[in-house]
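Here is a predicted model to look at. Have the sequence and the fold in view before reading on.

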Amino acid sequence: MDHWGRVEAAISGAVPDRVPVALWKHFPGDDQDPGKLAARTLEWQRAWDFDLVKFMPSGTYGVEDWGAKTAYEGAPNGARVVSDPGVKRAADWARLPRLDVRKGVLGAQNEALARAAKELHGTVPILQTVFSPLTTARKLAGGDFFDQLRDHPGELEAGLRTITATTIDFALAALGAGAHGFFFATQLATTDALSAAEYEKFGARYDLEVLAALKGRARFNLLHLHGEHVMFERLAAYPVEMLNWHDRLTPPALAAGASKFRGALVGGVEERTLLATGPREAIRAQVRDAIAQTGGRRLIVGPGCVAAIAAPAENIRTVIEEARRPS
């Protein structure tokens with residue numbers, strides 16, 4: 001069974017020849033250059049032979065063409081931060097233009113993906129990273145975002161309509177560049193940030209518009225729920241084939257999640273500390289536990305989110321070895 005067969009077996013609930021596995025991490029600095037990002041992606045995949053490639057543009061690529069300034073300030077997970085927001089007042093939302101996704105920073109991400117996809121020759125599924133419209137809006141506005149959401153909802157929704165249209169354009173262009181689907185990430189589907197009603201109005205509505213535009217075009221999509229206290233049951237109903245969340249840090253556990261989602265669960269390994277520091281036996285224990293919780297079906301062993309950039313090779317190798325160990 002090849003990479004495609006394992007991922008498809010996990011999605012359908014069939015029994016794979018072994019449990020599929022995938023890890024991903026940022027490449028700070030190199031993610032600012034399409035050639036370097038493609039090269040690092042190929043290096044990562046050729047070193048570890050993962051069952052899917054989660055393409056890793058910077059987490060701020062979606063806001064820079066709208067004027068936001070970003071920087072890498074040494075975060076352990078390799079993430080960039082917005083140092084100067086692109087939306088500074090509520091009135092700015094209505095002024096956002098629908099971007100030409102073939103140009104600028106957006107265009108560079110699909111250029112990088114196209115280079116990597118060409119070299120991998122379709123041997124492994126590649127998922128381009130796409131952020132939910134509300135996540136993009138949050139990054140674009142900075143610290144005033146929640147005040148704008150609650151005090152100026154009409155202005156924000158005007159911006160969300162533009163962001164959604166641009167997100168769909170970008171995703172369709174990614175398919176043309178060689179993506180087989182998407183890692184669709186929402187960072188605000190958590191009660192730590194919004195009420196369920198607020199997420200329904202400003203988040204889910206636009207999430208589902210993006211996913212509807214990809215129906216019949218993307219081979220499969222992986223939904224990532226970022227943060228703790230996530231709105232799991234609501235988003236588990238989204239039309240996606242794979243679901244990823246910080247299952248070692250926040251409910252539900254994998255076993256409970258498996259009863260609420262029909263596709264493949266991606267997770268089992270705590271990425272913030274354990275993957276970075278070990279010990280290796282504790283990593284092995286988490287992988288074994290993930291397989292035990294799911295019976296090794298509808299599971300892709302992976303991190304709850306992006307792995308720490310300092311995660312040593314021996315820890316990555318441990319995850320892979322344990323996932324691939326014969327049952």
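The model is predicted: local features need pLDDT of at least 70, side-chain atom pairs count only at pLDDT 80 or more, and totals for chains, interfaces and linings use all residues. Residues are numbered from 1 along each chain as its sequence is written, and side-chain values use heavy atoms, with hydrogens and water left out.

Q: Are α7 and α8 roughly parallel or roughly antiparallel to each other?
A: Helices are DSSP runs of H or I, at least four residues, and strands are runs of E, at least two, numbered from the N terminus. Axes are lines fitted to C-alpha atoms, for helices over the stretch in contact, and angles run from 0 to 180 degrees between N-to-C directions. Helix α7 (153–177) and helix α8 (196–214) pack at about 25°, axes 10 Å apart. Angles under 35 degrees count as roughly parallel, so the pair is roughly parallel.

Q: How many bridges join β5 to β6?
A: Strands β5 (181–186) and β6 (220–225) run parallel. Phenylalanine 183 stands opposite leucine 222 in β6. The number of bridges is 6.

How values were computed: Parallel < 35°, antiparallel > 145°, perpendicular 65-115°, else oblique. Pairing = 2+ DSSP bridges.
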